[in-house]
Amino acid sequence: MALLAHLWDMKKSKALGDFCGGFVEPDKDTTHRSHLRWACITVQEARAAAEKAQQLLQNVANRKRSRQQETGGLVITKALYGSQKALKRSDEARTAKDDLALQVLDVTLPLNFLVNDSGQLKLHEGVKKSGIMGFCDPCPGNRSSCT
């Protein structure tokens, strides 16, 4: 179950917390959103690191994709990772550099890199998608998915 905490005031949060066994007072930095700027910078740095990683993967990923095309194997033509809300928007609407567009990362290249010679996409068990080389979570705290 997900609750949109930002839509609740302290009175509602306290009532829910008491109902569930005890309310824990939020940190003052949290209530004042003191770390919001830090969070934005962290996401920008993670996105930049993912883009650099994709540059490193590019030659091998392109070689693997070409080999898969030649053999009729698995070729990933488009893969996006990020906010479900942003992913539901049309491609045209997402190209603008607005807030929703920044909540999506093109991960076509790193996924092609992960296709093995047998034409299978190998994702390692226990590794979050945001932890895959060339990925990052463009909207931490929100539910992310891949399409």
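**Exercise 1.** In which helix of the chain is confidence lowest, and in which is it highest?

*Solution.* The model is predicted, and the chain averages a pLDDT of 75, with 59% of the residues scoring at least 70. Taking the elements in turn, confidence is lowest in helix α5 (residues 91-94), where the mean is 53, and highest in helix α6 (residues 108-113), where the mean is 94. Over residues 1-8 the pLDDT stays under 50, and for this stretch the model has five contacts beyond four places in sequence.

**Exercise 2.** Determine whether Q68 is buried or exposed, and list its contacts once its neighbours within four places in sequence are left aside.

*Solution.* Begin with the location: Q68 belongs to helix α3, which covers residues 36-71. Next, the relative accessibility of Q68 is 4%, and since buried means under 20%, Q68 counts as buried. Finally, with the neighbours within four places in sequence set aside, Q68 is in contact with G73, L74, V75, V115, N116, D117 and G119.

**Exercise 3.** Describe the one aromatic pair that the structure holds.

*Solution.* The partners are Y81 and F135, with 5.4 Å centre to centre and 55° between the planes, and the pair is tilted. The pair links distant parts of the chain, given that Y81 lies in strand β1 (residues 80-83) and F135 in the loop between α6 and β3 (144-146), 54 residues apart. As for accessibility, Y81 counts as buried because its relative value is 6%, and F135, also at 6%, counts as buried.

**Exercise 4.** Over the ring of which residue does the charged end of K64 sit?

*Solution.* The charged end of K64 sits over the ring of F113, at 4.8 Å from the centre of that ring.

Technical notes
Residues are numbered from 1 along each chain as its sequence is written. This is a predicted model: local features need pLDDT of at least 70, side-chain atom pairs count only at pLDDT 80 or more; totals for chains, interfaces and linings use all residues. Side-chain values use heavy atoms; hydrogens and water are left out. Helices (H or I, at least four residues) and strands (E, at least two) are DSSP runs, numbered from the N terminus. Buried means under 20% relative accessible area, exposed over 50%, partly exposed in between (1.4 Å probe, protein chains only). Contact means heavy atoms within 4.5 Å. pLDDT is the predictor's confidence in each residue, from 0 to 100. Rings of Phe, Tyr and Trp (its six-membered ring) pair if their centres lie within 6.5 Å; planes under 30 degrees apart count as stacked, over 60 as edge-to-face and the rest as tilted. A charge sits over a ring if NZ of Lys or CZ of Arg is within 6 Å of the ring centre and within 35 degrees of the ring normal.
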